[in-house]
Amino acid sequence: MLVNNPREADLIFLNTCTVREKPAQKVYSILGRLRPLKKKNPNLIIGVGGCLAQQEGENLLARFAQVDFVLGTKEFNRLLEILNIIEKSGTRLAATELNGRIDPYAELPLVGEPNSAATAFVSIMQGCDNFCSFCIVPLVRGREVSRPSRDILKEISLLAQKGVKEVTLLGQNVNSYGKTSPGELDFSGLLRAIQEIPGIERIRFTTSHPRDLTESLIECFGQLSKLCEHIHLPLQSGSDRILKLMNRGYTFQEYLQKVKRLRQVCPDISITTDMIVGFPGEKEEDFQASLEALGLIEFDEMFSFQYADRPGTKASSLAEKVPKEIGERRLRELQTFQKKITQQKNKAYEGKTVQVLVEGKSKNCPEESTGRTRTNRIVNFPGIFAPGRLVNVRIVQAYAHSLRGEVQNPPFN
Ligand code: SF4
């Protein structure tokens with residue numbers, strides 16, 4: 001049974017991230033807070049899973065006596081087995097084998113569990129073969145492994161039968177799906193197969209790599225009615241010199257050409273991105289190239305970060321680290337610049353009628369509903385509608401991170 005209060009739990013499992021340092025520090029602090037609970041209730045089992053577990057392994061057992069088990073990123077299917085061992089013998093253990101397990105999904109039952117009444121995430125691949133020089137993912141998630149498409153399609157059909165209308169396909173490098181599995185569908189083939197599943201109204205995916213954005217995938221945005229008009233396409237830097245040091249595998253011009261093609265086949269597409277400032281060796285002119293890139297492309301939204309070393313990555317050994325204050329200043333400048341663009345983009349929605357998939361009641365106002373446009377904007381509007389309904393909403397006001405609207409008559413098509 002799920003409980004809301006950790007004091008009532010028999011099992012506490014922390015699923016962790018280590019892409020940046022902050023989430024890792026947060027896990028250590030939560031573990032500290034759990035120590036008194038374990039003292040009070042020695043039968044309580046505490047486990048740590050995910051990327052930090054993979055990175056730290058046995059160290060977590062050595063450092064935190066309250067932790068009973070550590071479960072690596074390719075060992076999650078062993079959770080029940082490990083809990084049985086702990087309950088029977090009380091042994092503390094770390095299971096962190098990484099590349100030996102070819103398909104950790106194979107032994108799992110199909111999940112088929114929506115994360116809301118209307119939407120669900122579906123993991124379609126794990127790991128990454130790209131080795132961007134700043135990124136810890138290949139070190140903690142291992143090499144790229146794609147799930148068999150028949151399992152993915154079956155899971156999505158099950159979700160559709162449960163009333164799910166929108167699926168988001170997940171993977172560290174989602175659009176290289178199938179590349180390492182000879183005879184398997186490629187990513188656009190998978191999207192085309194999902195398009196045929198009755199009941200599913202919307203398809204999304206994240207996160208894609210610009211290098212793997214093929215012409216066939218670009219064409220899907222013009223051809224597949226269920227594929228939402230949104231792509232998250234991390235650029236990371238506008239400077240070719242920095243992109244090379246990052247080992248991203250494309251130049252800014254190559255990226256720009258793909259953006260132009262996307263807008264050609266799908267003029268309404270919303271494009272969001274990730275940017276890093278203060279990468280080792282980033283000079284003022286490299287940073288200016290990033291600013292120019294934002295001005296040229298006009299992304300709908302940007303997630304931006306100040307570079308920080310991650311252990312074991314190639315970039316962590318690069319010299320010429322950018323001083324913290326310079327990195328902070330560049331981040332502020334970049335965010336201020338993009339904020340204006342995002343505001344303009346949101347403002348352009350005012351007066352338009354958009355299709356919104358209702359996800360539930362608004363968090364801030366129980367008399368209102370909340371949902372998303374096909375372009376991934378959050379919309380709040382008066383009235384209670386069942387999750388999963390597709391409602392026509394006229395946008396009356398744009399904010400920095402959401403839109404406000406009124407339901408149109410008729411509300412449904
Ligand atoms: S493609 Fe993404 S997940 Fe893979 S190494 Fe690069 S940043 Fe990390």
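Helix axes are lines fitted to C-alpha atoms over the stretch in contact, and the angles between their N-to-C directions run from 0 to 180 degrees. The structure treated in this way is a predicted model, in which local features need pLDDT of at least 70 and side-chain atom pairs count only at pLDDT 80 or more, whereas totals for chains, interfaces and linings use all residues. Residues are numbered from 1 along each chain as its sequence is written, and side-chain values use heavy atoms, with hydrogens and water left out.

The overall fold comes first. The protein has 12 helices and 17 strands, both taken as DSSP runs numbered from the N terminus (helices H or I, at least four residues; strands E, at least two). Its C-alpha atoms fill a box of roughly 65 × 55 × 45 Å along the principal axes. A compact globule of 413 residues would have a radius of gyration near 22 Å, and the 23 Å of the protein agrees with this; the radius is taken over C-alpha atoms, and the globule rule is 2.2 Å times the number of residues to the power 0.38. Of the 413 residues, 50% count as buried, where buried means under 20% relative accessible area, exposed over 50% and partly exposed in between (1.4 Å probe, protein chains only).

With helix α11 (residues 284–297), α10 packs at an angle of about 15°, the axes lying 12 Å apart. The two helices are therefore roughly parallel, a term for angles under 35 degrees. On the α10 side, Phe252, Tyr255, Leu256, Val259 and Arg263 meet Ala293, Leu296 and Ile297 of α11, contact being heavy atoms within 4.5 Å. The residues of this contact divide into seven nonpolar, no polar and one charged (Ala, Val, Leu, Ile, Met, Phe, Trp, Tyr, Cys and Pro count as nonpolar, Asp, Glu, Lys and Arg as charged, and the others, Gly among them, as polar).

Helix α8 (residues 215–223) also packs with α10: the axes come within 8 Å and cross at roughly 30°. That makes α8 roughly parallel to α10. Here Glu215, Ile218, Glu219, Phe221 and Gly222 of α8 meet Lys258, Arg261, Leu262 and Val265 of α10. By class, this contact has four nonpolar, one polar and four charged residues.

Finally, Thr342 lies in helix α12 (residues 324–347). Thr342 is buried, with a relative accessible area of 5%. Leaving aside neighbours within four places in sequence, Thr342 is in contact with Asp300, Glu301 and Ala400.

Key: Parallel < 35°, antiparallel > 145°, perpendicular 65-115°, else oblique.
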